[in-house]
Amino acid sequence: MSRPGDRPRATGAWLEGDPVGHRLFHDAGDLKLESGTVLPDVRLAYETWGTFDGGNAVLVEHALTGDSHVTGEAGPGHPTPGWWADVVGPGLAIDTDRWFVVAPHHLGGCQGSTGPASRHPDGGRWGSRFPHVTIRDQVAAELTLADALGVERWHAVVGGSAGGMRALEWAVTAPERVERLFLLASSAAASAEQVALSTIQVDAIRSDRRFRGGDYYEADEGPTTGLDLARRVAHVAYRSEAELQQRFGRAEQDDVPVAEGGRWAVESYLQHHGAKLVRRFDANSYVTLTRAMDSHDVGRGRGGTAAALARVTARTVVAGIDSDRLYPLHQQRELADGLRGSGDLRVVTSLHGHDGFLVEADQVGALARELLDA
């Protein structure tokens with residue numbers, strides 16, 4: 001593990017200023033993927049908070065476009081105080097004065113872990129040559145990090161959305177290493193509708209003429225238009241219809257009529273979120289990670305979902321968002337019913353749809369505290 005001064009970075013505006021911040025790095029070596037391909041010299045970026053006492057480690061798994069910075073000051077260049085800063089920290093639900101919190105950045109990403117923008121052994125960028133990775137591959141890499149940190153058993157593994165996929169895969173792959181499990185706004189397998197929405201996003205990126213088949217790192221411009229559109233599609237699914245109607249209705253932006261060349265207020269909102277992601281994310285990573293989420297199926301090769309869930313021994317809390325149209329409550333109910341260590345499904349009330357797992361800090365934090373203190 002190291003804190004190097006020189007890391008692989010993609011060129012182009014979408015990764016300009018990619019910061020090291022307070023991240024640490026774990027060199028996992030060569031990793032054999034589910035496909036049989038060996039990915040060489042794998043590196044995971046991660047951050048930690050608190051002090052490890054041998055039995056107080058909590059693994060926090062981030063969502064699709066998140067990173068390892070969960071809470072606190074990030075250091076130079078990071079735009080936020082942390083994506084779960086109201087849940088994780090001193091005195092908060094996941095109390096870093098009590099728990100040793102570890103947050104790895106997933107394999108295939110663009111915030112320090114090995115991904116398409118990283119250096120290939122031949123010195124160029126991986127680009128189009130980067131192999132398909134799955135949720136299981138990402139967890140396999142994280143297992144080596146746990147070994148390196150000396151964490152034999154997590155007091156808890158916590159994750160929402162794509163992070164919930166990895167958290168569940170941890171508990172199925174290595175049940176003896178997960179004492180408690182918090183699954184939030186996630187599922188046992190990606191549904192047909194979720195895959196359908198993701199393929200539209202991937203095609204938006206790939207159809208951008210500047211995508212160049214994934215080999216755009218030496219070009220002056222990358223596929224920013226495609227990534228912008230992909231994010232806008234995703235963001236509609238992340239929020240609820242009721243919230244969009246309440247916030248925007250049929251309002252026009254800046255009081256300029258659409259008939260006179262103006263924009264709808266909701267249109268401007270989506271454009272803002274698309275442009276915001278383009279400034280900090282790599283299009284190839286978006287494709288890679290979206291495809292990894294499509295691969296999610298804990299029952300694959302394990303005799304089906306029920307058999308896979310039966311392997312989990314962790315005390316579990318499963319929660320869903322009542323307004324989530326991307327990961328509807330019936331998916332979390334399947335998890336709660338299938339995990340013998342789980343009680344009834346817990347429902348977070350929110351106007352904000354799927355993003356409620358990030359927004360509703362009080363409700364989510366109460367559930368996390370309940371599980372950790374049980």
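Is Trp154 buried or exposed? Trp154 comes out buried, with 2% relative accessibility (buried is under 20% relative accessible area, exposed over 50%, partly exposed in between, with a 1.4 Å probe and protein chains only).

## Ground rules

This is a predicted model, where local features need pLDDT of at least 70 and side-chain atom pairs count only at pLDDT 80 or more, while totals for chains, interfaces and linings use all residues. Residues are numbered from 1 along each chain as its sequence is written, and side-chain values use heavy atoms, leaving out hydrogens and water.

## Aromatic pairs

The whole structure holds eight aromatic pairs (Phe, Tyr and six-membered Trp rings with centres within 6.5 Å; planes under 30 degrees apart are stacked, over 60 edge-to-face, the rest tilted). One of them joins Trp154 and Trp170 edge-to-face, at 6.0 Å centre to centre and 90 degrees between the planes. Trp154 sits in the loop between α1 and β7 (156–160) and Trp170 in helix α2, so the pair ties together parts 16 residues apart in sequence. Trp170 is buried too, at 0% relative accessibility.

Then there's Phe211 with Tyr216, a tilted pair at 5.9 Å and 40 degrees. Phe211 is buried at 7% relative accessible area, and Tyr216 is buried at 0%. Ring pairs link Phe211, Tyr216 and Tyr217 into a cluster.

## The second largest cavity

The second largest cavity has about 30 Å³ of space. Its lining includes Leu64, His106, Gln138, Arg166 and Met293. By class, the lining has six nonpolar, two polar and one charged residues.

Definitions and conventions: 1 Å grid on protein atoms, 1.4 Å probe; cavity = no way out; pocket = protein on both sides within 12 Å on 5 of 7 lines; lining within 4 Å. Points joined across faces, edges and corners; volume = space filled by probe spheres on them. Nonpolar A, V, L, I, M, F, W, Y, C, P; charged D, E, K, R; others polar. Helix = DSSP H or I, 4+ residues; strand = E, 2+ residues; numbered from the N terminus.
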